[in-house]
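Here is a short report for someone meeting this structure for the first time. Look at the sequence and the model, then read on.

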Amino acid sequence: MKIDLTETTSSKINQALVSARRAVGTPAIGMVLTLVIVTDEENAYDALKAASDSSREHPSRIIAVIKRVSRSPRSRRDARLDAEVRVGSDSGSGETIILRLHGELANHAQSVVLPLLLPDAPVVLWWPEDAPSDPARDPLGALAQRRITDAYSAEAPSAELAARAQSYAPGDTDLSWTRITPWRSMLAAALDQKPGKVLSATVEGESENPSCELLAMWLADRLKVPVQRTLSAGPGLTAVRMETEDGTIVLDRPDGSLATLSMAGQPNRAVALKRRETAELLAEELRRLDPDNTYEATVKFGVENLAGAAAPEPATAKASEPAATPTAAKKTAAKRAAAK
């Protein structure tokens with residue numbers, strides 16, 4: 001069931017929710033949390049679909065906040081709230097509220113969202129893209145116990161990870177970290193089977209993929225060994241090699257679906273390491289609402305501490321100020337002497 005509301009208020013939206021629940025025959029609220037999504041029109045459909053799919057495992061009230069920035073100065077002064085309420089089969093296993101904030105109201109989204117939160121239920125905030133530099137201090141982020149970002153959507157993922165480390169607060173997490181959960185589980189299991197001392201490691205993956213950096217930082221932080229970050233054509237994370245006293249452990253996934261685990265003295269084994277959809281990643285993050293201390297330690301380790309991390313490019317001379325050569329310097333000195 002869908003209800004469209006134009007130029008509405010939070011109170012009218014709550015009334016529409018009650019009416020919609022009665023119309024579909026579910027007057028009771030059976031949801032475990034409120035998931036707030038801050039997105040734009042371009043990414044709203046994909047984000048809502050992922051949230052709706054994840055709600056089948058975690059029944060929740062989904063609130064999508066879409067800020068509609070007006071072009072003209074007059075329109076920016078006209079604050080207006082439009083909403084769409086979805087209940088029943090149109091919203092997975094919970095309720096969906098789509099808020100479109102126009103004009104000055106876009107700068108005060110927290111005042112619109114606060115009355116719509118489920119009482120006595122945890123709040124999770126998700127930025128599919130364009131996350132604030134400090135999620136915990138964001139007006140909407142301050143309402144949530146758990147804040148989910150995605151460094152993969154940033155233009156400079158490595159810089160985004162550095163910003164996440166600097167502004168980390170308990171409850172922060174990132175989907176780039178969630179993507180490597182199966183890799184971390186598999187590598188930990190391999191070391192349990194062959195508990196030799198690890199001497200070094202190499203993480204191989206495509207460029208500008210923050211999951212590769214996070215996995216390398218996790219290995220370096222936990223094993224206290226040098227970890228090399230190398231590039232491949234992808235897709236995503238392709239291989240991890242760990243040099244141990246008893247031989248090399250290799251987890252290789254060249255096609256983004258099926259991986260091969262190789263250990264010295266044992267036959268090769270095929271391992272399912274399929275690249276997961278956003279709905280699966282989101283559902284995993286909604287399973288835990290406590291601070292992720294392992295993520296905190298990993299992201300604070302720092303990309304710059306990895307072996308082979310990209311160093312900043314040396315400063316180049318400006319075109320209008322060419323670097324002086326020895327010959328040019330001698331001619332300049334001779335002219336000054338003659339002038340004296």
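Helix 2 spans residues 41-54 and has 14 residues. From its first C-alpha to its last it reaches 20 Å, close to the 20 Å expected at 1.5 Å a residue. The expected span is 1.5 Å times one less than the number of residues. Helices (H or I, at least four residues) and strands (E, at least two) are DSSP runs, numbered from the N terminus.

This is a predicted model: local features need pLDDT of at least 70, side-chain atom pairs count only at pLDDT 80 or more, and totals for chains, interfaces and linings use all residues. Residues are numbered from 1 along each chain as its sequence is written, and side-chain values use heavy atoms, with hydrogens and water left out.

**Buried helices**

Which residues of helix 2 are buried? They are Ala44, Ala47, Leu48, Ala50, Ala51, Ser52 and Ser54. Buried means under 20% relative accessible area, exposed over 50%, and partly exposed in between (1.4 Å probe, protein chains only). The cover over these residues of helix 2 includes strand 2 (33-39), strand 3 (60-68), strand 5 (95-102), strand 6 (123-126) and helix 9 (278-286).

Helix 9 is itself mostly covered, with 7 of its 9 residues buried. Among them are Leu281, Leu282, Glu284 and Glu285.

Two packed helices are described by the angle between their axes and the distance between the axes. Axes are lines fitted to C-alpha atoms, for helices over the stretch in contact, and angles run from 0 to 180 degrees between N-to-C directions.

| Pair | Angle | Axis distance |
|---|---|---|
| Helix 5 (157-166) and helix 8 (210-223) | about 50 degrees | 9 Å |
| Helix 7 (181-193) and helix 8 | about 35 degrees | 11 Å |

Helix 5 and helix 8 are therefore oblique to each other. Angles under 35 degrees count as roughly parallel, over 145 as roughly antiparallel, 65 to 115 as roughly perpendicular and the rest as oblique. Helix 5 passes helix 8 in a right-handed crossing. Pro157, Ser158 and Leu161 of helix 5 make the contact with Pro210, Glu213, Leu214 and Met217 of helix 8. Contact means heavy atoms within 4.5 Å. By class, this contact of helix 5 with helix 8 has 5 nonpolar, 1 polar and 1 charged residues. Ala, Val, Leu, Ile, Met, Phe, Trp, Tyr, Cys and Pro count as nonpolar, Asp, Glu, Lys and Arg as charged, and the others, Gly among them, as polar.

Helix 7 also passes helix 8 in a right-handed crossing. A crossing is right-handed if the near helix is turned clockwise from the far one by less than a right angle, and left-handed if anticlockwise. Here Trp183, Arg184, Leu187 and Leu191 in helix 7 meet Leu215, Trp218, Leu219 and Leu223 in helix 8. The contact of helix 7 with helix 8 has 7 nonpolar, no polar and 1 charged residues.

**Loops and the whole chain**

Most residues other than glycine have a negative phi. Asp120 has a positive phi of about 55 degrees. Asp120 sits in the loop between helix 4 (109-113) and strand 6. At 85% relative accessibility, Asp120 counts as exposed. Glu208 has a positive phi of about 60 degrees. Glu208 lies in the loop between strand 9 (198-205) and helix 8.

The protein chain has 11 helices and 14 strands. Buried residues make up 46% of its 340 residues.
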